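Me: I have a model to go through. I want each label checked against its cut-off.

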Amino acid sequence: MSKAVVNAPAEKKKSMFSKSGNQKLIVLLVVIFLFIFFSIFSENFRRYTTVLSIMDYSYYIALMAIGVTFPLITGGVDLSIGTGLICYSLAGGYLVVHCGWPTWAGMLVSVLFGVLIGLLNGALVSIMSLPPFLATLCTCMITRGLGSICAKSFGISWPTTGSEGSWFRDIFKITIGDTKYPLGLLWVLLLVMFMAFVLNHTKIGRYTIAIGSNKEATILSGINVKFYHIMAYVISGFFAGLASIAYSAVFSTVQPGTGAGFELEAIGGAIIGGVSASGGAGSVGGSLLGVFVICLLKTGLPYIGLQANWQQIITGMVLIGAVMVDILKKKRAAAV
Amino acid sequence: MGDVILTMKDIDKSFPGVHALDHVNFEVKRGEVHALMGENGAGKSTLMKVLTGIYTKDSGSITFEGKEVEFHNTREAQDAGIVIVHQELNMLGHLTVAQNIFIGREFKKGIRIDDKKMNEEAAKLFEKLHIDIDPAETMSNLTVGKQQMCEIAKAISHEAKVIIFDEPSAALTEAEIEELFKIIRDLRQQQLGIVYISHRMDEIKVITDRVTVMRDGGYVGTLITDECTKDDIINMMVGRVIYEDPKTESAVPKDAPVVLKVEHLNAGKMVQDVSFELRKGEILGFSGLMGAGRTETARAIFGADPKTSGDIYIDGKKVEINNPQDAVKCGIGYLSEDRKRFGIVVQKSVAENSTMASMENFVKGLFINKSKENKVAQEYVDSLATKTPGVDQLVVNLSGGNQQKVVIAKWLIRNCDILIFDEPTRGIDVGAKNEIYKLMNRLAEEGKSIIMISSEMTEILRMSDRIIVMCEGRKTGEIDISEASQEIIMNMATREI
């Protein structure tokens, strides 16, 4: 007994530095550094309202990133989450605004729609053996078209603050007294903790990592790889559905035909946060931190006088850095 | 040794065009280590795949613990107690040791996987095997040897009664092999039946009780290890087959100029201090068992893999070859053993493949001179007698032998004088083989110099003017064809260094 007690802290420490912990720590430091950097160089950035707007911009990307971490860890990708998000929001919003459905039902439709597209992605990848890039590129196009059809090509405004059925906007930003609080951050953090548990301590997560490590060996271990492979995409679709709710709640109008490119911010965030571009490794918490890096750059750079174009260039360079770290790690591992 | 636990009788298995197993017999007793030996392609792996349910047998019977059995997949075999420790390790690098061992049958607490219990169980397992590995360590952080120990532990945890080791020592260091043997002796003590597949003659003598030899898919015989010599086993492995027209003496004059000289070449573990000379018009055979380092040597010469040290001279002049472009400039052409991956672009035409290595001769300004390309390609189709409806035919539609000819044309058009053929007739049927042989002989007569890497003894003896034998990354022998025989080569190929 006493031996175990002595051993426990040592083991914990080791695993923190041998696994993705190292990179998570670096990314956390980058987030803090960026925040301080922008705060020093821009007076406007230091305001509470800026923090609120960064949060607003980060929820839907963070939710997508949590979900897409799973297909990424299997060695695949999900490109359909960006246009999917808009599609699910339009579909649910149309029912609420034009058909008089209650808000909660519209939200449910958004999420279920996401799960359905996730199921389709999973089936294409796992059963039909389509390369994930292609399969989800197809569903990316399909959802873009479907979204426009759902909304009859018009923008949809979910119930605005103050009107009936607008309670769902308070889920993400609640006003108590005169102050607004970024309540969404709490939900995102809870979901990150929950999905980190799923990834590290349940069969779904374990086999997601196993598939990404060595799919052949996973099959030979007698595991129903097809099922778990599909599940990774279902999780991604489910979180794209949740992200669509965040998007509906934060923005006043949802425009059909938009959404392309959102997925890249989520995937970029996940990779900055330590998800291996070739599968097998990654963490949900890391993905969240990576999204914060991207969102800080996106909102912060304009404050110090750099245009949106520069934000893209700098984000791209940060991504290259993150991928290089991954490759170097792998080289070092191969040298052992 | 106890009673017989596993009997395979009259096992027969055919694949399209190949009779892979021809009425093979094999048995394992409790508490014995039984070696399964044979040249590359003798059918050892196929037999074990039939046993563990990866292949289905055409006829014959498998009796396990007194009952006739038939497994449909590895899982069923595992559940019955027959497990295989593969040569390529089936591990999941991102998971921990314990997670690997219990993959697919995790301990659970509700929906939560109980990693703590898995670590404890793995630790118990290691204790039983006297292995010192931390179950919580990430798999990819372990050495290959330790990873193998984990595979063995995984096998034991299935309550295995028969364990098959498929060339377990191939990637291990001396010390690790010692440890492996200790474990195997332990398992033998515990009355498990062990099948040990290996090429290393010395290991066979140390660790096994009996030896079964296979050749060309057939069963040759079973010997008691203590009662036979290394030569007995080699004789059984090579057999006495009559070849059509093996070369009896070198066709190269003694004073032919040396076109390629390699001195003290080193590249990783698989190429250690290799030196040799290649003369004009010579076919130099590279023989050895799988993993002897022949392909690695060729790739290092060709610049495809980095070399750590060593000098290369072409026509007496020292050259620097750091990548394949340099090698091609020096007139070296490499015909890969894996044609589809490295040799040809199957979805391109014969003409496009033929000119791929010498594009600059077929470019006029910005454009490819199609008519010149077709004309030259046609010339080589004619001279090599490549069977294709036309030079615009996609290579994917050609047979293996004709694909090989397109690759040869590619290097001839590039004016390569030194050609490295890596397994030139792999995947090519018998008739086409003869044609490739004739072509190689003709090229040599025309003054090209050829390095031929081959795992087929018949091919080596039939084609080579001189033979270099490698074993575990070192050159272990060099012999003129007039003095060569299968036994001598096999002896060199299994030589202890």
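Me: What makes the contact between Lys318(B) and Asp311(B) a salt bridge?

Reply: A salt bridge needs a side-chain nitrogen of Lys or Arg within 4 Å of a carboxyl oxygen of Asp or Glu. Lys318(B) and Asp311(B) have N to O at 3.3 Å, so the pair qualifies. The model is predicted: local features need pLDDT of at least 70, side-chain atom pairs count only at pLDDT 80 or more, and totals for chains, interfaces and linings use all residues. Residues are numbered from 1 along each chain as its sequence is written, chains are lettered from A and ligands numbered from 1 in the order written, and side-chain values use heavy atoms, without hydrogens and water.

Me: Why is Asp311(B) called partly exposed?

Reply: Its relative accessible area is 26%. Buried means under 20%, exposed over 50%, partly exposed in between (1.4 Å probe, protein chains only). Asp311(B) is therefore partly exposed.

Me: Which label does Glu265(A) get, buried or exposed?

Reply: Glu265(A) is buried, at 18%. Its salt-bridge partner is Lys298(A), with the closest N and O atoms 3.2 Å apart. Lys298(A) is partly exposed, at 22%.

Me: What makes Arg30(B) and Asp3(B) a pair?

Reply: Their closest N and O atoms are 3.1 Å apart, so they form a salt bridge. Arg30(B) is partly exposed at 25%, and Asp3(B) is partly exposed at 47%. Salt bridges with shared partners join Asp3(B), Arg30(B), Glu65(B) and Lys161(B) into one network.
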